[in-house]
Amino acid sequence: MTSTLLNFPRLNSPKLYQLPDGLTIVAEQMPVEAVNLSLWVNVGSAIESDTINGMAHFLEHMVFKGTERLASGEFERRIEEQGAVTNAATSQDYTHYYITTAPKDFAELAPLQIDVVLNASILNEAFERERLVVLEEIRRSEDNPRRRTFQRAMEMAFDKLPYRRPVLGPETVISQLQPQHMRDFHATWYQPHSITAVAVGNLPVEELIEIVALCFEQAVNTQHSPLTTHHSLAHPESPFTEIIRKEFVDESLQQARLVMVWRVPGLNQLEKTYALHVLAGILGHGLTSRLVRDLREEQGLVSHISVSNMTQQLQGTFYITAYCKVENLSDVEVGIVQHIRNLQTEMVKEAEIARVRTKVANRFIFANETPSDRATLYGYYQSMVGDFEPALNYPARIQTQDATHLMQAAQEYLSPDAYGVVVLKPY
């Protein structure tokens, strides 16, 4: 397995270009008959103040409502006519737009994608129409038990950091936003120096670079100068020093939900995240993982249990969630804590680590199959940590995590005596 993993980076050969205006371009030729252009804008809900929480996501909607050159709906129509696809997503730390086209259509469709992102018109009428769509999305989100549970957990995980707020923002804020607020926000953040453009597919790298660079040159509106930005988030929060509990009644649930959270390093301490990813796999990924095997398969205490190490830019969250009967809540928490304790006192067996390494290795291969997969990998790392290299060497980094690393990480970050707990009961 080691030799295979060490060869993985040879699957990939992306090239990096920095333009004088600050735009970063990553490009790679790949022998698959498609080209994906992904634009990663370094702006998400984390940079918003409370008074505009939800602006980045609302703007993502408005980007598709036309420019001076493209009437509302024309971008999607032309994309669909050519059999291409487009979509977008907003997170805490970034906004991501992409199109996937046939190679022969890339030079025609890439300029449209770049035009809508850089030159969104944000007209008053369209703004008011889309506000209703976003408000409906917020209401649907609040009606979703899984999202409600996650939101409660994030409010527990962070006292002050903006990660405690929903990406969509609250209804009260979205109802008050004005088109001019959004135009200012767009002029501030949607600038070449805040954007990573990734083009992957079956065209020569030089051609991909040339098309993207030229599109940006033609699309950048030099008439408006960006506002001064202060993109500084607060400091990471201290680990929990005790067990903090919050309990809610959620009548829509069939079973109780238990969430346990620890504050852990984020992407700005990338080296410290690898061991936590492996620990998440050992505890909760697959039928043979410790919590699934013990609490679900053997004891029947839970109907579902999962573990993830979520890595936002500034700080991460080690997140365990379980569904169980109300009367089993206490036993489930005790069981989870015992497994956390075991990680701190007993070395993980090599066979368990090997299982996680194999899964990671396979996932890496699967995540490299299409131009869209690769563009997402490169864009995420280049925009979030300023380097796409970790996208290529992730399996090798996981490979280096041994039993000692795992025990040290568990001892440093996963205290069995200090964490946040959110319980939601159906009655």
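Analyst: Let's start with Glu-28 and Arg-374, whose side chains meet in a salt bridge, 3.2 Å from N to O (that is, a side-chain nitrogen of Lys or Arg within 4 Å of a carboxyl oxygen of Asp or Glu). The two come from distant parts of the chain: Glu-28 sits in strand E2 (residues 24-29) and Arg-374 in helix H14 (residues 371-385), 346 residues apart. Helices (H or I, at least four residues) and strands (E, at least two) are DSSP runs, numbered from the N terminus. Both Glu-28 and Arg-374 are buried (buried is under 20% relative accessible area, exposed over 50%, partly exposed in between, with a 1.4 Å probe and protein chains only).

Keep in mind that this is a predicted model, where local features need pLDDT of at least 70 and side-chain atom pairs count only at pLDDT 80 or more, while totals for chains, interfaces and linings use all residues. Residues are numbered from 1 along each chain as its sequence is written, and side-chain values use heavy atoms, with hydrogens and water left out.

The salt bridge count comes to 22. Another one joins Arg-341 and Asp-417, at 3.1 Å from N to O. Here too distant parts are linked: Arg-341 is in helix H12 (residues 329-345), and Asp-417 is in the loop between helix H16 (403-413) and strand E11 (420-425), 76 residues apart. Arg-341 is partly exposed, at 32% relative accessible area, and Asp-417 is partly exposed too, at 46%. There's also a network: salt bridges with shared partners tie together Glu-74, Arg-77, Arg-78 and Glu-81.

Now for the helix, H10 (residues 274-284). Ten of its eleven residues are buried, so H10 is largely enclosed by the rest of the structure. Among those buried residues are Tyr-274, Leu-279 and Gly-284.

H10 packs with helix H15 (residues 389-399) at an angle of about 60°, their axes 10 Å apart. H10 and H15 are therefore oblique to each other (under 35 degrees is roughly parallel, over 145 roughly antiparallel, 65 to 115 roughly perpendicular, and the rest oblique). Touching, meaning heavy atoms within 4.5 Å, are Tyr-274, His-277 and Val-278 of H10 and Pro-390, Asn-393, Tyr-394, Arg-397 and Ile-398 of H15. This H10-H15 contact has five nonpolar residues, two polar and one charged (Ala, Val, Leu, Ile, Met, Phe, Trp, Tyr, Cys and Pro are nonpolar, Asp, Glu, Lys and Arg charged, the others, Gly among them, polar).

Note on methods: Axes fitted to C-alpha atoms, helices over the stretch in contact; angles between N-to-C directions.
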